[in-house]
Amino acid sequence: MSERDVFEYALVRVVPRMERGECFNAGVIVYCRAHSFVAARTHLDEAKLLALDPHADVAGVRAALRGVEGVCGGGAAAGQAAGDEPGRRFRWLIAPRSTVVQPGPVHTGLTADPAAELERLLGLLVR
């Protein structure tokens, strides 16, 4: 068995109308300190979004989800978080900031391959 390290993850949720409290998963953020890894993958189910709110700003939600992925990637796409270490970018992303695109609670696990774990969680919990 290969060496497995602790990782943390949070789902990215879309809450189209705060007053109704309905939400659905639209992405996953994975952080693994041992691998200096932080990444996000998103998938917006536009039909689900419009079913919950026919007047939803689809382009705005897509932009917010791309922003989450950009912060994870670092560099210019990360804005103010560009120079931050992966753990700090993860903590920045899991702090609530938006009423429509929100992080879920943080969960932990063990993995030998954080990138593969990200894909597994996206398939299991989002798609």
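Reader: Okay, which way do α2 and α3 cross, left-handed or right-handed?

Author: The crossing of α2 past α3 is right-handed. Keep in mind that this is a predicted model.

Reader: Which residues meet there, in α2 and in α3?

Author: From α2 you have Val 68, Val 71 and Cys 72, and they meet Arg 89, Trp 92 and Leu 93 of α3. Sorted by class, that contact has five nonpolar residues, one charged and no polar ones.

Reader: And at what angle do α2 and α3 pack?

Author: About 160 degrees, with the axes 9 Å apart; α2 covers residues 58–73. Angles over 145 degrees count as roughly antiparallel, so α2 is roughly antiparallel to α3.

Reader: Switching to the sheet: what's the strand order?

Author: It's an open sheet of four strands, ordered β3-β2-β1-β4, and the pairing is antiparallel. From one strand to the next, the twist averages 20 degrees.

Reader: What does α3 touch in that sheet?

Author: α3 (residues 86–94) packs on the sheet and touches β1, β2, β3 and β4. Its direction makes about 155 degrees with that of β2.

Reader: How many bridges pair β1 and β2?

Author: Seven, in the antiparallel sense, between β1 (residues 5–14) and β2 (residues 24–32).

Reader: Which residue in β2 is the bridge partner of Glu 8?

Author: That's Tyr 31.

How values were computed
Residues numbered from 1 in each chain as written. Predicted model: local features only at pLDDT ≥ 70, side-chain atom pairs only at ≥ 80, totals over all residues. Heavy atoms only, no water. Pairing = 2+ DSSP bridges. Helix = DSSP H or I, 4+ residues; strand = E, 2+ residues; numbered from the N terminus. Axes fitted to C-alpha atoms, helices over the stretch in contact; angles between N-to-C directions. Contact = heavy atoms within 4.5 Å. Parallel < 35°, antiparallel > 145°, perpendicular 65-115°, else oblique. Left-handed = near helix turned anticlockwise from the far one by under 90°. Nonpolar A, V, L, I, M, F, W, Y, C, P; charged D, E, K, R; others polar.
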